[in-house]
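Here's a quick tour for anyone meeting this chain for the first time. Have a look at the fold, then read on.

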Amino acid sequence: MLDIPAGSLQSYGTVAQRMGSPNAARAVGTAIGQNPVALLIPCHRVIRESGIIGGYRWQRGRKIAILAQELGDTDDA
């Protein structure tokens, strides 16, 4: 299992590399997009290589709010 600690963000490419498939960033994105248990499998911690927080199955705003909560930000996201 690939463990991404709370507050730690990884790019899709980094996740692919850590899985041993450095050219599989799009496949990682597809798999993450199909994750039915978002908080149990922390797909919200994976972002684009550019640092942009991309889409999220349960809305981008929710992804930003979860990340803010994990980072200890008490302001509304």
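The chain's accessible surface comes to about 5200 Å², by the Shrake-Rupley method with a 1.4 Å probe. Carbon and sulfur atoms own 52% of that surface. This is a predicted model, where local features need pLDDT of at least 70, side-chain atom pairs count only at pLDDT 80 or more, and totals for chains, interfaces and linings use all residues. Residues are numbered from 1 along each chain as its sequence is written, and side-chain values use heavy atoms, with hydrogens and water left out.

Of the 77 residues, 31% count as buried (under 20% relative accessible area; exposed is over 50%, and partly exposed lies in between). Reading from the N terminus, the elements go β-α-α-β-α, with helices (H or I, at least four residues) and strands (E, at least two) taken as DSSP runs.

Leaving aside neighbours within four places in sequence, Ala-16 is in contact (heavy atoms within 4.5 Å) with Ser-21, Pro-22, Ala-24, Ala-25 and Val-28.

And the outside? Leu-40 sits in the loop between α2 and β2 (46-47), and it counts as exposed because its relative accessibility is 69%.

Definitions and conventions:
Buried means under 20% relative accessible area, exposed over 50%, partly exposed in between (1.4 Å probe, protein chains only).
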